[in-house]
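Please look through the sequence and the model shown here before reading on, and keep both in view while the explanation moves from one part to the next.

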Amino acid sequence: MRDFITYEESLKIINNIKISNSTEKLFLTNALGRILAQDIIADHNSPAFPTSGMDGYAIKFEDIEKELIITDKNPAGFVVEKSVEEGTCIKTFTGSLMPKGSDTLVPIENVEIIDNKIKIVKTVPKGFAVRNVGENYKKNEVLIKAGTKIGFSEIGVMASLNIPQIEVFINPTIAVASTGSEILDLGVTQTNDSQIRSSNHLTLEALFRSNGAEVLQAGPIVDDMDSITNFFEKSLKKADIVVTTGGVSVGDYDFVQDVIKDRLKAEVLFHGVLIKPGMHILVALKGEKIIVALPGFAYSSTVTAILYILPLIYKFRNSKENLPFVKAKINQDFSRTQDKTIFTACNVNYINGEYIIDFIGKKSGTSAILTNMLENPALLIQNQSSEDIRSGDLVDIILLNNLK
C-alpha cells in the first residue's frame, strides 16, 4: 500500500515545480486575454497640452461677466493661430487644444449669441472643462504592470501609446486524453450496456481553454499499455503538460500509472493525496514536461483538474491569477465524515454583501455526478484537521463560475 500525502503537502510540491516562462510578440488585439510580459510606460503626457473637454467658448476667466467678441473657430485636429485676448473668445470644440491666452471653457448652452458676440448667462468656475496636461497620464508613468491580464482597457491604453505589438507570456500547451475501453467518444454507437459516453476529455479541454491554455485533444483511448504509451510519447514532444483521466487507481486494468512509472521512467512527485474526490491523482515529471494523471470519475477528474492543473497554467502564464477562494456563510450543519480534505459541490449566492451557500438540489453518491457543478456552483472545502461545520459558520469555498 503506497503512502498518501496531505493536500497541503501536495500543493507545496506543485508550487515548487520549476517552469521556464517564454514570451512572444503579438499584434495588439491578438493579445487579448494574454499576460503582459513587460511594464507599459507612458512616453508622453496625455493630453500633451491643455485641451477642451466639451464644445463651448474659450475665454479668459477675468472676462466671465463681459460680452465677448467671437474672433475665430477652433475645430479638433487643428491649431488655431489666434489667441484669446481681453474681451474676446474663440469657439472651441471637444478635443481641441485650448487657444493661447484662454484658461476656461464656457459650454455652448451657457451663452446667448448676439450678432458676433456672446453673453454668458450661466457662469462657470475658472478652468472649467479644460483638460490639464497629463490628466490622463504623465510621461514616464507606469500605466500597466507586467503580469497583468490584457483586457479591453489595456488594449485601449496601449493603442493610445501607439504600441502596435506587445510582448506576452506564451500560454502552456496541454495534451488531454480519457482512458478506458468502456468509454465512447461523441457520435460513436454504443454496442453494449457497459459502455458509457466520455465527457472528461471535453470537460477538461473547456476548463483549460477558458483559463488560458492551448489544448491538444486526443479524445478517448483504449486501456492497453501500447496505446497509452503511444499517447504519452507523442504528447510529451508537443505539450508542456500531459493530462489523462482514468487508470490511476488499483484495478487490474489501471495501466496509466504503469506506463508513467515503468515505461516512461518518469519521476513521480506524488501518487495519492488525502483528498475527496481524487485521492489517486498522480503527478510526475518527464524532463521539463509535467504529467498529471487524474481519476476517471467525471466530478473527481474535474475537481482535481481545478485544484492542481489550473495553478500550473497560471504559473506558465506567469500571471497574477489565482483560484477564487472566498469566505461564505453556510445555512446548515455539515459534518466532517473522513480524515481527508473534502471538496463538496454546493450552491452559492451573494446576498446583502456576503456569500451564502446551500446544498439544495445537489445529489449525493459517487464522484461521477458532474451535474452538481451546474447553475451557480462552488466547492465547499473541509480541511483534514477541521471540525464539524455548524449552521451560520464562515467556511472556505471556491467560486466555480469564476473559472468559466
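**A buried asparagine and its surroundings**

The side chain of Asn-211 makes a polar contact with the side chain of Tyr-314, at 3.2 Å, where a polar contact is a pair of N or O atoms within 3.5 Å, of which, within protein, one must be able to donate a hydrogen and the other to accept it, and residues adjacent in sequence count only if both atoms are side-chain atoms. This is a predicted model, in which local features need pLDDT of at least 70 and side-chain atom pairs count only at pLDDT 80 or more, while totals for chains, interfaces and linings use all residues. Residues are numbered from 1 along each chain as its sequence is written, and side-chain values use heavy atoms, with hydrogens and water left out.

Asn-211 sits in the loop between helix H3 (200-210) and S16; helices (H or I, at least four residues) and strands (E, at least two) are DSSP runs, numbered from the N terminus. The side chain of Asn-211 also reaches the backbone oxygen of Leu-207, at 2.9 Å. With a relative accessibility of 8%, Asn-211 counts as buried, a word that stands for under 20% relative accessible area, whereas exposed stands for over 50% and partly exposed for what is in between (1.4 Å probe, protein chains only). If neighbours within four places in sequence are set aside, Asn-211 is in contact (heavy atoms within 4.5 Å) with Leu-310, Ile-313, Tyr-314, Arg-317 and Leu-403.

From here the reader can turn to the nonpolar cores, each a set of buried Ala, Val, Leu, Ile, Met, Phe, Trp, Tyr and Cys residues joined through side-chain atoms within 4.5 Å. The largest nonpolar core has 44 residues, and of these Phe-208 and Val-292 touch the most other members. Helix H6 (residues 298-317) gives the largest share of this core, 12 residues. Not counting residues up to four places away in sequence, Phe-208 touches several residues, including Ile-174, Val-243, Ala-305 and Ile-309.

Next comes the sheet. Six strands form an open sheet in the order S16-S13-S17-S21-S20-S18, with mixed pairing, and two strands count as paired if DSSP finds at least two bridges between them. Strand S16 (214-221) and S18 stand at the edges with a single partner strand each, so one side of each is left without a neighbour in the sheet. Within the sheet, strand S17 (residues 241-245) and strand S21 (residues 289-294) pair in the parallel sense over five bridges, and Thr-245 of the model stands opposite Leu-294 in S21.

What lies across these strands? Helix H4 (residues 225-238) lies across strand S13 (173-179), S16, S17, S20 and S21, and runs at about 155° to S17; axes are lines fitted to C-alpha atoms, for helices over the stretch in contact, and angles run from 0 to 180 degrees between N-to-C directions. Helix H5 (residues 256-263) lies across S13, S17, S18, S20 and S21, running at about 30° to S20.

Finally, some backbone details deserve attention. Most residues other than glycine have a negative phi, and most peptide bonds are trans. A cis peptide bond, however, joins Ser-46 and Pro-47, with omega about -5°, and another joins Lys-276 and Pro-277, with omega about 0°. Ala-129, although not a glycine, has a positive phi of about 60°, and with a relative accessible area of 18% Ala-129 is buried. Glu-375 also has a positive phi, near 65°, but at 68% relative accessibility Glu-375 counts as exposed.
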